[in-house]
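Me: I would like to go through this structure with you, one question at a time. Please give the cut-off behind each term when it comes up.

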Amino acid sequence: MASPHSCFRGWQSTSHVALALVSVLILSSARLSAGGRSLLELYKPPASAILTYHNGAVLQGRIPVSIIWYGRFTPAQKAVVTDFLGSLTTAAASPLAPSPSVSQWWSTIDQLYLSKARGRGSGGGGGGARVALVGQATDEGCSLGKRLTLAQLPQLAARAGPRKGGIALVLTAQDVGVDGFCTSRCGLHGSDARAPGTAYVWVGNSATQCPGQCAWPFHRPLYGPQTPALVPPSGDVGADGMVINIASMVAGAVTNPFRDGFYQGDKDAPLEAATACTGVYGSGAYPGFAGNLAVDPATGASYNANGANGRKYLLPALFDPATSTCSTLV
């Protein structure tokens with residue numbers, strides 16, 4: 001039985017968790033058969049609810065990641081994603097990206113979460129999390145059709161050949177529909193009993209289906225204050241929006257891969273390391289404003305992290321359980 005956790009982002013999401021008020025767009029629940037909360041529900045956790053460790057396994061050590069590209073992606077789009085994955089681990093980023101960097105963002109996950117769960121890892125060795133892209137597969141012809149159910153995502157993940165302690169990354173092209181995509185989720189992560197010890201992540205390209213929901217702030221929001229869209233670092237709204245959601249879901253997959261790791265609230269609809277800070281990218285963020293970000297003087301693109309090969313990315317804030325605040329790079 002697959003057990004996905006979802007991610008939905010939008011303008012009305014913010015994360016002033018210190019005030020115990022988090023605006024999130026709640027997705028479908030972790031179990032395929034369970035119902036979810038309404039899309040625009042304002043989530044207000046009880047005073048006793050905090051993001052805590054539930055003593056389960058996390059992914060750490062060497063984390064092998066394999067990708068299946070479902071549908072048509074351009075070489076440039078693929079490079080945006082693979083360069084991001086290659087930027088996560090400092091040793092893989094050569095030369096080192098200037099600060100603030102993607103690897104610094106990734107190390108924050110280790111500091112805030114994985115270091116608290118040493119000895120409970122599901123992966124190759126301890127001492128932090130080292131991402132390694134180990135394989136890619138392509139299904140450009142969309143062999144399962146262009147309308148996927150949630151139950152088909154683990155099937156696609158299996159085609160990516162996930163390894164124990166690793167993640168299968170299922171990426172769907174802009175003309176592929178997935179149940180709940182845009183209406184209740186931008187991505188999800190889960191696990192499948194048929195592939196024990198592994199997790200999977202699915203994220204869709206929202207460029208033509210719902211950029212105002214799943215690629216914000218690189219597109220005007222569907223609802224709320226119509227603030228100008230930010231310029232995406234790669235020039236591709238869909239690809240840069242995917243990176244935001246991949247980052248959020250991978251953060252959840254490594255810290256809560258099997259629904260018993262780090263989370264807050266109902267384990268079937270949890271707030272996790274990044275989803276507890278939905279909509280926050282820089283200091284001073286509020287609904288409709290992503291926060292104070294760096295701007296590339298050459299392109300006008302907004303970003304908060306430098307990556308491999310001169311790339312720039314926008315990454316979500318990470319929740320700090322010790323201070324109940326959202327930690328940003330800028």
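Me: With which side chain does the side chain of Ser234 make a polar contact?

Reply: This is a predicted model, in which local features need pLDDT of at least 70 and side-chain atom pairs count only at pLDDT 80 or more, while totals for chains, interfaces and linings use all residues. Residues are numbered from 1 along each chain as its sequence is written, and side-chain values use heavy atoms, with hydrogens and water left out. A polar contact is a pair of N or O atoms within 3.5 Å, where within protein one must be able to donate a hydrogen and the other to accept it, and residues adjacent in sequence count only if both atoms are side-chain atoms. At 2.6 Å, the partner of the Ser234 side chain is the side chain of Asp240.

Me: Is Ser234 buried, partly exposed or exposed?

Reply: Ser234 lies in the loop between helix H4 (211-214) and H5, where helices (H or I, at least four residues) are DSSP runs numbered from the N terminus. Buried means under 20% relative accessible area and exposed over 50%, with partly exposed in between (1.4 Å probe, protein chains only). Because the relative accessible area of Ser234 is 32%, this residue is partly exposed.

Me: Which side chain of opposite charge is nearest to Asp240, and how far away is it?

Reply: Asp240 has its place in helix H5 (residues 237-255), and it is buried yet has no salt bridge. A salt bridge is a side-chain nitrogen of Lys or Arg within 4 Å of a carboxyl oxygen of Asp or Glu, and in counting charges Lys and Arg are positive, Asp and Glu negative, with His and the chain ends not counted. The nearest side chain of opposite charge is Arg311, at 7.0 Å.

Me: Which backbone nitrogen does a side-chain oxygen of Asp236 reach at the start of H5?

Reply: The backbone nitrogen of Asp236 itself lies 3.2 Å from a polar atom of the Ser234 side chain. At the start of H5, a side-chain oxygen of Asp236 comes to within 3.0 Å of the backbone nitrogen of Gly238.

Note on methods. Helix = DSSP H or I, 4+ residues; strand = E, 2+ residues; numbered from the N terminus.
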